Amino acid sequence: MTTTTASGSGGLLSGKPLRAIAAIILLVNGMFPALWILFTSLKTEGELTAKPITWFPHAPTLQNYMQAFSDQPLHLFLFNSLMVALLSTMLTLLVSVLAAYALARLNLKRRGLILAAIIAVSTFPLVTLLVPLFEIMRTLNLLNSWTALVLPYTVLSLPVCTLMLVSFFEGIPRDLENAAMIDGCTRLGALFKVVVPLCAPGVFTAGILAFVNAWDEFLLALSFNSNPQLRTLPVGIQLYQGEFAFPWPVISAALVVGIVPVAVLIVIFQERVVSGLTAGGIKG
Amino acid sequence: MATTTSLKISADAEPRQAAWVRWLDLSDRSLAILLLAPAALLLALIIVYPVCRLAYTSFFSLSLTSGLPAEFVGFENYQLMIDDPVFWETTWNTVLITLITVPGALIVGLGLALMANLPFRTQWPVRLSLLIPWALPLSFAGLIFAWFFHSEYGVVNDILNRVGLPGIIWFNSPNWAFAAICLTIIWKTSSFMALIILAGLQTIPRSLYEAADVDGAGRFRQFFEITLPLLKPSIVVALIFRTITSLQTFDIPYMMTGGGPGTSTATLAMYIHQNTVSFLDLGYGSALAVVMFALSMCVTAVYLRMIRTKE
């Protein structure tokens, strides 16, 4: 996508000094908040309350990280977040691959209508479903379980992932599947043996999107899982605040621990995520 | 649950497939229905049924704390809402946040996208600087910026002091607290806008600018007569997505101020959550949610119309 088109076609800015300024602005804007939290997490209590405040930790300490794990069951929060995010990612992918294949390949009569319905559903505000979902989860006895979050999170990502996958699947020549089917593959066989592997980058991007959505979600996690053993990271991190005091270095350490898994994903797969997001965003 | 249904589908769809070959049209259709079924089931369970249920519940007096059975009260919840100053305040706050942060994030995002589109030799730092804010959970961003705006140890006041300005006690004043929340939301959401706009920028052919150069059009004219018009579709998509999510604002004010001071920074989503989870007043919570749903559907209607005219 980026290779053949002109970069710098914004047309307004050019030249080397401008590029340097732009790079600094972009980096500071994007990285500074996360870096600041990292600095704070390495500071000692003394450094934190110095005036004027020190920017860099002079004697970096891991004390805050140890305290973050001992004050609250941070490992449990992490585990719950990971499991909920992974389970809903897998479920989202499975369901959206099947649906996207039907929409991309099987000549459905009301394809346009179905796509419009998917877009419409994706704009339903999740907050408004709080009451009925709360009631449903209560009657199904699912409050305080991973399932209470996995199902809504799957649905949260389902529309976007399906739309993304439709556009990826449409980019694969039909001949490849037809050849596989002539060789004795069934349609579903061709889907999983030919189409999905060829679209692996796209499927993967959809997966990251679903993972990030689930990792971020706060309101439902806060409302449905109050059992200390089942709290996810965003919910658990609130517990560090005392009645009057915020132990900021410890909270920062917990935040850094929570940022790392997603940051690792983003750093490794940045290129793919950008192209997938923009493809999904523009088509969606 | 849905996993097993979809596995079953693939298991019994395969043997039947062979018999379908001669009737390709028919097979395609049944297969399509089978493949769409898991998605449809999930959407029905988590969205369609709850939405219907929501409308229904909003006509009942249903409070789990009162211990009384659900009683049909007609529009009483809605009447209550009209007389409820907190409803009006939280709705107004939500609309105000949308009116401030959506254009704000658009302008900042456009700036970031134009900068990110410069011909940098190494692309990954630029990509990361746009992706990190996008991937950072909203609730984390709320906490991080609460620390940024801390009146004594916050880096914002530190910078203000260094340039000779007095520090601000951000979270004690309704207006400053509101400003801090809006700045945080703009920071958090501008990166995603920038990513979408950047994708739009990169589809503009360079030849257009070369032709404009030949015609002697300056850079500003090129920006307003080539760049902006061609970016319009991506900007519209980004704007509408942002508007819809902005109506649901919860995480950032919840983490930064908890809605305070007083209810000056509380949003409609926070009020729904409070009525539902804290007060367990499901009837009133539903009525509030219906209002938000209606607001959101208005935006979606505009969205769908724009997409249709685009095609």
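Guide: Contact, in what follows, means that heavy atoms lie within 4.5 Å. Among contacts in chain B between residues at least 6 apart in sequence, 67% join residues at least 24 apart. What you see is a predicted model, in which local features need pLDDT of at least 70 and side-chain atom pairs count only at pLDDT 80 or more, while totals for chains, interfaces and linings use all residues. Residues are numbered from 1 along each chain as its sequence is written, chains are lettered from A and ligands numbered from 1 in the order in which they are written, and side-chain values use heavy atoms, with hydrogens and water left out.

Helices here are DSSP runs of H or I with at least four residues, strands are runs of E with at least two, and both are numbered from the N terminus. Pro261(B) lies in this loop between helix 11 and helix 12 of chain B, and the peptide bond that leads from Gly260(B) to Pro261(B) is cis, with omega near -5°. As background, most peptide bonds are trans, and most residues other than glycine have a negative phi.

Is Ser264(B) itself buried or exposed? With a relative accessible area of 13%, Ser264(B) counts as buried, a word that stands for under 20% relative accessible area, whereas exposed means over 50% and partly exposed the range in between (1.4 Å probe, protein chains only). Leaving aside residues up to four places away in sequence, Ser264(B) touches Glu89(B), Asn93(B), Pro174(B), Phe178(B) and Gly259(B).

Past helix 12 of chain B comes another loop, which runs to helix 13 (282-310) and holds Leu280(B). Although Leu280(B) is not a glycine, its phi is positive, near 50°, and its relative accessible area of 22% makes this residue partly exposed.

Ala102(A) lies in helix 4 of chain A and is buried, with a relative accessible area of 0%. The C-alpha atoms of Ala102(A) and Met31(A), 71 residues apart along the chain, are separated by 41 Å. Helix 4 (residues 74-105) of chain A also holds Leu91(A), which is buried at a relative accessible area of 9%.

Chain A has 13 helices and zero strands, and its C-alpha trace spans about 70 × 65 × 35 Å along the principal axes. Of its 284 residues, 57% are buried, and 73% of its contacts with a separation of 6 or more are between residues 24 or more positions apart. In the loop between helix 6 (130-139) and helix 7 (147-170) of chain A sits Asn141(A), which has a positive phi of about 60° without being a glycine and counts as exposed at 67% relative accessibility.

An automatic or database domain assignment gives chain A domain 1 (2-41) and domain 2 (73-283). The C-alpha centres of these domains of chain A lie 29 Å apart, and four residues of domain 1 are in contact with six residues of domain 2. An unreviewed UniProt entry places the feature "transmembrane region" at several spans of chain A, including residues 20-39 and 190-215; such positions are given in the numbering used here, feature names are shortened, and annotations may be inferred rather than shown by experiment. Residues 20-39 of chain A are 100% helix and 0% strand, with end C-alpha atoms 25 Å apart, whereas residues 190-215 of chain A are 96% helix and 0% strand, with end C-alpha atoms 32 Å apart.
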